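Here are a few notes to go with your first look at this one. Have the structure open while you read.

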Amino acid sequence: MNKQVGLIAAIIGLICLAWGAGFYLFGKDDPAPRALKPVPVTMDAPEKEVATSVPIIEQDVVTTPTIRPIRFQGWEPDMSGSLTKACLNFSTAVDLEDTRFTDYIVTKPDVKLAASVAGRNVCLSGFDFGTEYELTVKSGLPAMSGAKLPEDRTIAVSFGDKPSVLRFAGDGIILPRIGAQGLPIETINVDEVTLDISAVGDRIIARRAPQSGQAAAEGERNYTYSNAATEVRESVWTGSVSVKSKPNKVVTTVVPIADIIGDLQPGAYVITAERKRGHNEDRPARAWRWVIVTDIAITSYQSDDGLDITLRSLDSAKTVAGAR
């Protein structure tokens, strides 16, 4: 029994001894761990910054402007005013004065032209109706963009016949009752005229201001109702009269009033003339005029004593007695 106890005690002792040796060699706890020694690190000194000065060169930015080419784009007639014009159209504004533009124009047949420059449009005047022209715009014509017309451009320009014109000649409204040859009418490209002669009562004259009249061009509106006493006059003769005609030229024809309707009684009349129109034609050339038919002219003399009035015959120039 004692041997067994001793053996057990010896075994326990050996175990404790073995544990203590192992703890001492491998597992001894260090409650305050040693601080690691810093390992010196050698770093290269930073290179000194070298200040370098790079000069900044200021330069103007040069841009090449866009040059718009100039091209001739055709022409169109302009007959809205008193002058007949051929208006040329370009793709960009022309860089010329009015008087210099004609240096770049050549016409066949030769004609003296006047120019009116307005940006891209240039109107030329001086052409005649009924004539065909060959018009050349010369190369080198400058534009506002700096471009130049690269080559000559030749076109045909013509205006055909002049629109019909009809008007009474002169400004007078007195038609002598005796010895008058007739009423002169000026026409252009008119062959036949429709006339209307209307009488106006004496009392109506006092409410109107007889004047030379008016004329309307072919296709133009014309309102004459009040001035020409349209609403109160009475037609005494209507018919057609043939007139002389030359292409595009002014022709004066004296309409023999006395031969057409006989002697007109003294009084006031409104005479209207119109180019004889065809079917479906509207607003032909026309004109109207007041006419006073009389053989009496008034002559007045003013002095310190008063006003003297003498009546004389337009036919004989003799004084007229007993006139009312």
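1. A quick word on naming before we start: strands here are DSSP runs of E at least two residues long, and they are numbered from the N terminus. Also keep in mind that this is a predicted model.

2. Let's begin at Pro 109, which sits in the loop between β3 and β4 (114–118). The peptide bond joining Lys 108 to Pro 109 is cis, with omega at about -5°.

3. Now step back into β3, which covers residues 105–108. Which of its side chains are buried? Ile 105 and Thr 107 are, and they point to one face.

4. What does β3 pair with? Its partner is β6 (residues 133–137); the two run antiparallel, and four bridges join them. If you want a spot to look at, find Ile 105: Val 137 in β6 stands opposite.

5. Next, two backbone angles to check. Asn 189 is not a glycine, yet its phi is positive, about 55°. You'll find Asn 189 in the loop between β10 (183–188) and β11 (192–200).

6. Ala 317 is the other residue to check: it has a positive phi of about 70° and is not a glycine either. Look for Ala 317 in the segment after β18 (306–313). Is Ala 317 buried, partly exposed or exposed? It counts as partly exposed, because its relative accessibility is 47%, and partly exposed covers the range between under 20% (buried) and over 50% (exposed).

Notes
Residues are numbered from 1 along each chain as its sequence is written. This is a predicted model: local features need pLDDT of at least 70, side-chain atom pairs count only at pLDDT 80 or more; totals for chains, interfaces and linings use all residues. Side-chain values use heavy atoms; hydrogens and water are left out. Buried means under 20% relative accessible area, exposed over 50%, partly exposed in between (1.4 Å probe, protein chains only). Two strands pair if DSSP finds at least two bridges between them.
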